[in-house]
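Hi everyone, thanks for coming.

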Amino acid sequence: MGIPVVLSVKNLEVVYDDVVLAARGVSLEVPDGKIVALLGANGSGKTTVLRALSGMLDIHEGSIRKGAVYLGDEDVSALSPTALAKRGVRHVLEGRRVFKELSVEENLRVGAHVARKDLKTNLARVYDLFPRLQERRSGQAGYLSGGEQQMLAIGRSMMSDPRFLLLDEPSLGLAPLVVAQIRDIIVEINAQGTGVLLVEQNATMALQIAHHGYVAETGRIVMDRPAAQLLADDDIREFYLGLGAEGDRTSYRDLKHYRRRKRWAS
Amino acid sequence: MTGFLTAFSGGLGQGAIYVLLALGFVIIYKSMKVVSFAQPAFMMAGAILVSYLTPRFGFWLAVVLGTLGIALVALAVERVAIRPMVGKAVFVIAIITIGVDIVVRVVAGAFVGTDPLLVGDPWGLDTVLIGDVQVQQRHIAALIAMVVVVVALMLFFRLSSTGLAMRAAALDQEAAMAQGVSVGAVFALSWALAGGLAALAGVFAAAGNPIDQTFWVVALAALPVIIVGGLDSLGGAVVAGLLVGVVEALVRAYHSDLFPNLSTNTGTLAPYVLMMVVLLVRPHGLFGTKEVERV
Ligand SMILES: Nc1ncnc2c1ncn2[C@@H]1O[C@H](COP(=O)(O)OP(=O)(O)O)[C@@H](O)[C@H]1O
Ligand SMILES: [Mg+2]
């Protein structure tokens, strides 16, 4: 794929409707061929970052107020979703959003909209990744199970052989067994050379396969570490990711407070 | 019986014109969720343009050029008057299409002089005998044209990448954008298609009669058609267009038997009565989907 390129946002500030500040100086990098996890609670700004990367802020009345999106050295903040898709950045929306009344194969063909010439090759590759989709190719997409719809959503975006895949909560609402399947597919796609930015609430799944992890809280990145470190550190597990024994989520500020207390107590 | 069949065939011919018009409404509705009230003006402008082109190019080439010409006009109108309003309330955009309708109609109407304006069709009011029924040639021509257009549209929406993108955008705009589909291009194309369809409808509506300033009124019957068929259903537009055409023609033909004391022909009212009856039974039209309004 030529020289390695990094997809990144630097110092990104995004406002919706000119008032809601949803990203407050986010910087984040997705290197070519790596899996990067972006974690955080509901409303922390994860989807907003993905929208900035794929040019989809516009239709949500969102705009970049400061900072920029870069593909390599090039500032691509002002590009349309079409232009970004052509350059290999593909966004898989939260909630799958398959075209329910189209057939599975029609969904995939729409996914090939910016790469019509390579339709055959990409279709073969996607069916290879998802044999289940090939079995259901002429069936209506709305009748697929949740897991199959997620596979279709991912497969659809693979139809233009993207360089970077932005996945918004692909495990949402799926049974553990299906989540494991999706996880393996992401690994496989990445092994074939696509860089992945994986937004997840399921932190364990994401950190298992990611090389690097970011944690967002109220529009800021509050933590940025290799995934293995995030996964191994008990404090982080408990307080950043809500994976503690009690299972409830605590905020960054509480964590600082907790740390002081812990040091004091020990 | 022959009287019935004559009226019936006339209704199918008129219905074919409604189908062409209604398809344009539905295509725009599907892409923008807006009913465009500019269709009558495009129909009138199309017929007038063809009547000016026919002496120079002959009727058939004039129809092709006129249809393409109005498609381009509609494309330009979308770009200039509609696109900047995208994101505003659907109601506001609908009102703007009424403004567009008036402007286009006035401009086109300026080309209607005192001499009778004819599209120059080869049919006039000539008939052919099918069985023992006199069928007007223009009605047969309209039906054939409609079938050709419907088949072409079907192939376009099923097979072409652009047609598929339009269907996808109609189902989920944001998801289509995420596939790299340009929603702006979809809007533009839907207006161009609707404009071309209206122009073609205008040619058949004008066949056999001179065009006057009230010619556009024919297109109003397409409104009950799209309600009967379902605002978002292309198949519904075809069925409902023919149905409305036939019901209207039959009521018109049997008016004096049905309402001997009414002097105004009730045929004109028939499409609206049919619309209300259908709405009572099926609130979203015969083929419309329930979920027509989306946030
Ligand atoms: N279309 C929108 N209009 C206004 N505010 C929005 C919109 N989308 C998201 N927000 C707000 O931006 C913040 C971040 O949201 P989001 O990026 O969706 O977070 P996450 O994906 O992490 O749940 C939230 O406060 C949310 O309410
Ligand atoms: Mg989200």
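How many residues surround ligand 1, and which are the closest? There are 13 of them, and G43(A), G45(A), K46(A), T47(A) and T48(A) are the closest; to be counted, a residue needs a heavy atom within 4 Å.

Quick housekeeping. This is a predicted model, where local features need pLDDT of at least 70, side-chain atom pairs count only at pLDDT 80 or more, and totals for chains, interfaces and linings use all residues. Residues are numbered from 1 along each chain as written, chains are lettered from A and ligands numbered from 1 in the order written, and side-chain values use heavy atoms, leaving out hydrogens and water.

Now, the contacts. A polar side-chain atom of T48(A) sits 2.5 Å from an oxygen atom of ligand 1. For R51(A), a polar side-chain atom is 3.3 Å from a nitrogen atom of the ligand. The protein buries 69% of the 560 Å² that ligand 1 exposes when taken alone, using the Shrake-Rupley method with a 1.4 Å probe.

Helix α1 of chain A, residues 46-54, gives the most to this shell, with four residues; helices here are DSSP runs of H or I, at least four residues long, and strands are E runs of at least two.

On to ligand 2, the magnesium ion. T47(A), through OG1, and E94(A), through OE, coordinate the ion at 2.0 to 2.7 Å; donors are N, O and S atoms within 2.8 Å of the metal, or 3.2 Å for Na, K and Ca. T47(A) lies in helix α1 and E94(A) in the loop between β6 and α3 of chain A, so the pair ties together parts 47 residues apart in sequence.

Conventions: A polar contact is a pair of N or O atoms within 3.5 Å; within protein, one must be able to donate a hydrogen and the other to accept it, and residues adjacent in sequence count only if both atoms are side-chain atoms.
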